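User: Hello! I am new to protein models and would like to learn how to read one, feature by feature. Could you walk me through this one?

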There are 2 protein chains.
Amino acid sequence: MNVFVIGLGLIGGSMALDIKQSNKKAHIMGFDANEAHMNRALEIGFIDEKASPEDVSKADVVIVSIPVNASVKLIPGLLDKVKDNALVFDVGSTKSLICKALEGHEKRRNFLATHPIAGTEFSGPEAAVEGLFRGKTNIVCEVEKTAFKLQEKAFGIFNDLGMRICYMEPKSHDKHIAYVSHLSHISSFMLGKTVIEKEKNERDIFDMAGSGFESTVRLAKSSPEMWQPIFEHNKENVIETLDEYIANLQKFKELMEAGNFDAIYKEMADTNRIKEILKGISIKTS
Amino acid sequence: MNVFVIGLGLIGGSMALDIKQSNKKAHIMGFDANEAHMNRALEIGFIDEKASPEDVSKADVVIVSIPVNASVKLIPGLLDKVKDNALVFDVGSTKSLICKALEGHEKRRNFLATHPIAGTEFSGPEAAVEGLFRGKTNIVCEVEKTAFKLQEKAFGIFNDLGMRICYMEPKSHDKHIAYVSHLSHISSFMLGKTVIEKEKNERDIFDMAGSGFESTVRLAKSSPEMWQPIFEHNKENVIETLDEYIANLQKFKELMEAGNFDAIYKEMADTNRIKEILKGISIKTS
């Protein structure tokens, strides 16, 4: 099986690692717009061969793990070139625009839109880790538009990666993922910004930071190359989440200003049930 | 050495565990307003004896690990009752009010104001863990107001716990800790709230949540009993951090609305240097 991974970072690299592990016959070709990333991927060994975009015609499976704006530009042309029985899937964090871009494409049946809910705050080939996808959810959109045999091929790979599959409409995916993923990134980036601005004159401040701050601000280490296009693609939904988040913070602040600490207590106690909800997530990811 | 721990939760319990470990002669008396917590602490074994507040007169060291509003009420009376050579220290997340409450107290020299920057999102005796303080920072305020021999005694204990000491003025502590700790908790609580409100009608949403959301919302599991008084004590500083955080989020939203994604990119790229800052924290906490 010839697997062509386009984009040799955290997600593409981690998939390549696990595919090599579960399928000794897999031959992994890799392409990245960044030549140094290609060389590093070859050194680390998660690709067997550096390739060029034209080599897509040799692939049985094409994994597109690049920023979402690049995917939307690249995939239509890739599909034009792939073999009739080749599977192409993306792994982007927004799904409406890619599905829309491929509507009516002659080879739409060769494509599957997916979003594996897995990752870390790191990026690039060095960020690739084994087992990243084990126990995680892969959201698959418009599955009915993909050829039956290629659905099977994809689910075989996802099964080897240890993923659970959820099916959603692209619009519904983009709306909900804005809450449980995109908003977290903005809250974390802006927390980091607020504290760094303060630190300009008070460098000691970070000596006071503990694991709580570290955890809350972790996502602010994420790659702007990846996240800027996500926010652009999912603009309307993300703005909606930001409106609600800002309103909640504003209300909390007003309760504090009014000295209504009974209400402050209630805000926190009501939100504590996130414990139970996250228990569900922990079971899923363990 | 008779150690009296008042408040048998995460911090008090974890300190008791480590003190027992490093000083086999330590006899730990424990009191908690919640009788069940006292019984559980005895079962777990981090206290040797249940005690009553009056027993404070038998103690060589008194650790006050209760919510900050309760500390301010309790400690003046405790100090009245302790032996002349007894050390009393608190571990609260705000320092101005406790220092002010003890200004001019006859036994001010028996008290040391401390804030160990350590913890988890869990609470109660079950949350106590060994080694919680190893490599962490303990912020000590108004050290010069504590008797020299009792400073020595306290630093001996903190050394056994593996802590690094930082000295700060109470006002400066409260101002900066608002940024690196208190704000993180509010951002996390309000993120949890925003997503839970959405989830009312869309229960599936949490199937889409990954480790990024889990990390960012972790602090929303924290105890309202502990955090409400902290926010009340540190009201002015916390409101200032909230003003800045909300303004940054608002600006991010406006940039999105204006479609200025170059600026969105810059916001994230500028904040990425939190990586370097957090590396410093990791070294410190490892």
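User: How many residues of chain B and chain A does the contact between them take?

Analyst: Two residues are in contact if their C-beta atoms, placed from the backbone, lie within 7 Å. On that basis the contact takes 80 residues from chain B and 80 residues from chain A. Please keep in mind that this is a predicted model: local features need pLDDT of at least 70, side-chain atom pairs count only at pLDDT 80 or more, and totals for chains, interfaces and linings use all residues. As for names, residues are numbered from 1 along each chain as its sequence is written, while chains are lettered from A and ligands numbered from 1 in the order in which they are written.

User: Which element gives the largest share of the side of chain B that touches chain A?

Analyst: Elements come from DSSP runs: helices are H or I with at least four residues, strands are E with at least two, and both are numbered from the N terminus. The largest share, 20 residues, comes from α6(B). Among the elements of chain B that each supply at least two residues to this side are β7, α9 (235–257) and α11 (274–285).

User: What classes of residue make up that side of chain B?

Analyst: Ala, Val, Leu, Ile, Met, Phe, Trp, Tyr, Cys and Pro count as nonpolar, Asp, Glu, Lys and Arg as charged, and the others, Gly among them, as polar. The side of chain B that touches chain A has 42 nonpolar, 23 polar and 15 charged residues.

User: Let's look inside one chain. How many helices and strands does chain A have?

Analyst: Chain A comes to eleven helices and eight strands. Its C-alpha trace spans about 65 × 40 × 35 Å along the principal axes.

User: In what order do the strands of the sheet in chain A lie?

Analyst: Strands of a sheet pair through backbone hydrogen bonds, either parallel or antiparallel. For counting, two strands pair if DSSP finds at least two bridges between them. In chain A the order is β3-β2-β1-β4-β5-β6-β7-β8, an open sheet with mixed pairing. At the edges stand β3 (49–50) and β8 (164–168) of chain A, each with a single partner strand, so one side of each is left without a neighbour in the sheet. One antiparallel pair is β6 (residues 111–116) of chain A with β7(A), joined by four bridges. A113(A) stands opposite C141(A) in β7(A).

User: And where is a parallel pair in chain B?

Analyst: Look at β5 (residues 87–90) and β6 (residues 111–116) of chain B, which pair in the parallel sense over three bridges. There, V88(B) stands opposite F111(B) in β6(B).

User: At what angle does helix α5 of chain A run to β5(A)?

Analyst: Axes are lines fitted to C-alpha atoms, for helices over the stretch in contact, and angles run from 0 to 180 degrees between N-to-C directions. Helix α5 (residues 148–161) of chain A runs at about 55° to β5(A), lying across β4, β5 (87–90), β6, β7 and β8 of chain A.

User: Last topic: where are the domains of chain A?

Analyst: Domain bounds come from an automatic or database domain assignment. For chain A that assignment gives domain 1 (2–168) and domain 2 (173–285). The C-alpha centres of these two domains of chain A lie 30 Å apart, and 17 residues of domain 1 are in contact with 18 residues of domain 2. On the side of domain 1 of chain A that touches domain 2, β7(A) gives the most, with three residues.
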